[in-house]
Amino acid sequence: MHLALDRLTVMRGDCPVVDGASLAIAPGELVGLIGPNGAGKTTLMRGALGLLPHTGMSSLTDMAPQTRARHVAWLPQAREIAWPVSVETLVTLGRTPHLAAGQRPSETDRAAVAEALRIMDLSGFEARPATKLSGGEQARVLIARALAQDTPLILADEPIAGLDPGHQIATMQAFAQLAAGGKAIMVSLHDLGLAARHCTRLILMHRGRIHADGPPEKVLTKANLADVFGISAHLTRGPDGVIFQPLEVLT
Amino acid sequence: MTRALFPGLGLLTTALFALSLLTGPAGFGFSESVSALITGQGEAVTLVMREIRLPRAILAVMIGASLGLSGAALQGYLRNPLAEPGLIGVSGSAALGAVIAIQTGFAAAFALALPLTALAGAVIAVLLILALAGPRGGSLTLILAGIAISALAGALTSLVLNLSPNPFATAEIVFWMMGSLADRSFSHVWLAVPFMAVGWALLLPLGRGLDALTLGEDAAAAMGIRLDRMRLQLVLGVAACVGAATAVAGAIGFVGLVVPHLLRPLVGARPSVLLPASALGGAAMVLLADIAVRLVLPERDLKLGVLMAIIGAPLFLHLIYKTRRAL
Amino acid sequence: MIPLRALALALTVTAGPVGAQSTEAPARVVSMNLCTDQFALMLAAPGQLVSVSYVSADPVTSPMADAAAAYPLNYGSAEQIYLMRPDLVLAHPWSDPTAIAMLRRLGVSVVQVPGVESLADIPERLAQVGALFGREEQAQTLIRQFETDLAALGTLPLGPRAAFYGANGYSMGEGGMAHEILTRAGFRNIAAEVARSDTGQIALELLVMAAPDLILRTARYPGASRSEEILHHPALQALIAAGNGLEMGPDWACGTPRVLEALRDLVEARQMMEGAP
């Protein structure tokens, strides 16, 4: 298991934002974390990483900071790039947990950076200042940073929001490929179509609780969509894979 | 670019250090100065070189390095190019601490009482700034908090000096607000050295964490950076550097703003490289400013802070203009 | 002496109600300046002086601190002085002009006694202030005493080189009474050597290069100031260790007969340096 949560609860004041969440993610899984705004997706992941005070158990919080950083890469939703560093420098930051204090990046580190840049379609961008790129390009650079960290587990908070359709699909395919190669990946996302198509498993959150957990067709049921999102949708599995299309808001 | 930067800055600092030793109202030749400094020949010249000019130049290097380093570290931590110890009231609070120590007589109690009290003043200011501006150091809160802390520290410094029984003390508000290296001696060097060494030792290793912070607190924490330890190291390091510098030379502003700003493009904006570069650059900057004050107005003690403000304030305005959308 | 009396009279007249005769001497005099305090303490009849400035009670600045301590002290504010109901207030031309203007508005007569530029001015000033107090005889006694003492100290031939050095590196050049005293005691003032004929700052390194035989330092005030730190600079200490140093006590502060004490100290220092008894 690359990630195991047992009755994880995160409180904001007296109100539980994540309420008794238990789950386990195994190598090879690409898990889509879905749910309406405020369902607790981000809080679940930050709680699991130990970035928020919580009760219950997370397999990540027992690790020493550097060990944990070699086990899990975290891509926050806020796309923060404070200084105009080059794309290569920024992506190399992902190698931080692998370097001892004062150690310079080795061939292995450079190879990991180059591979991450290739996956995110950023070859040729190395010398450009990251702050001068477009929003979507910045998002890809930040994903590349998380990939360069080269961890068995990746947690990504809305990584594809704001990307063009081509790069959205390419990114989801890259995640699927990495998962197929033995990594475990959990991404939160709002595009249920992409989630249904590319994820091996979906976890649906509603009001801080895990409402449903399973293969896309088992989670995106008519009842679940109505209860949690208040919408109706069309879901079919054809020769092109799973196709999901939201239809209308239920009143 | 970066490869040539450190040798270049080192060379510049060395050259300015030598020039500083050769600058002064008593004009004597290069060879005379050097032989007096090294061999001790020529009694009066030796005294001038070893006891007046040498400590002054050494202090310029130490203070410049401390202020440049503190500025770069604060900016890296708050991810804001406007963060500067002088502007956000850290230097002013250190000056208040120093003035209180001197006027209450605590400074005479034991050797390091003066820089220690200045350090305490600086710690309070840094903690206040971090509490008020928050972890992300938004420009508006940072500047507003800085104005409030500077104003309070300045007023209390004036009050303490006004209450002094010493008629000269009252007139010295300018020194504490603007800073000067005139007639500093080796006793001041020894007073500042231990604190600055501690400050450098605390701040220089922050580079890795500051680099990671480029991506935000969450990302940095998830990359194995211990933010709480880093914050403690930053607070104590900045306070030790700024406290010691202010205790011996008054509050010299803008060094920590101008130097990192000039050097940032040359280090590829990497906070970790900017730290040692700003230390060297700060030393060169203060040496240069201290040479300039002696050349511009040789008869008067033109305050270093005046010169730095003339250079730094327009740059500060430019930075505000550039970052105004974030305000 | 006649022009002096005329001056004293003129000052009294412009200051307020005519009090030319000693029978109409002021009954309550307040002095608000260190130097006028000294004249007042020397000249006033018992009970005539009501208050002196607080500066006079400070032994660091005032040579007559013990005498001054017997009087109520004033801090130079018009309100405080007015409430002392003085007939006459003595001030310096540089005393707080707003306080003086206020006192005059309230109908109090204020005389601003000018400072002394040379030793020769001291008898004049004694006579002037004596006339203000209606104590001409006491003034004459003091003048005779001063002139006798001054003559007794004599004038020594110019020899060793000396420098005044005070807070912020201030030095005194030619043209002041301090320079006159220094010269009488047989010292050359180095101020002219370092291209400073008047009073002003001398850079420490210029002083070191000039290497005077005697350094006259100002005394340190209580509390602390950065301005005075220069007096403890190792370079200055080395200079004094190599030659001679003398602290300028409160006797130097004002042009009153007390400056003879300063002159006496200097003459002694000169004799010591010459190795004479």
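1. Start with two helices of chain B, α3 and α12. They are roughly perpendicular to each other, a label for angles of 65 to 115 degrees. Helix α3(B) spans residues 43-78 and helix α12(B) residues 255-263; they pack at about 70°, with axes 8 Å apart. Axes are lines fitted to C-alpha atoms, for helices over the stretch in contact, and angles run from 0 to 180 degrees between N-to-C directions. Helices are DSSP runs (H or I, at least four residues), numbered from the N terminus.

2. Which residues make this contact? Those from α3(B) include B:Gly64, B:Leu67 and B:Gly68, and those from α12(B) include B:Val255 and B:Pro260. Contact means C-beta atoms, placed from the backbone, within 7 Å. The α3(B)-α12(B) contact has 6 nonpolar, 6 polar and no charged residues. Ala, Val, Leu, Ile, Met, Phe, Trp, Tyr, Cys and Pro count as nonpolar, Asp, Glu, Lys and Arg as charged, and the others, Gly among them, as polar.

3. This is a predicted model: local features need pLDDT of at least 70, side-chain atom pairs 80 or more, while totals for chains, interfaces and linings use all residues. Residues are numbered from 1 along each chain as its sequence is written, and chains are lettered from A and ligands numbered from 1 in the order written.

4. An unreviewed UniProt entry annotates "transmembrane region" in chain B, including residues 56-74 and 234-259. Such annotations may be inferred rather than shown by experiment. Residues 56-74 are 100% helix, with end C-alpha atoms 27 Å apart. Residues 234-259 are 81% helix, with ends 19 Å apart.

How values were computed: Angles under 35 degrees count as roughly parallel, over 145 as roughly antiparallel, 65 to 115 as roughly perpendicular and the rest as oblique. Two residues are in contact if their C-beta atoms, placed from the backbone, lie within 7 Å.
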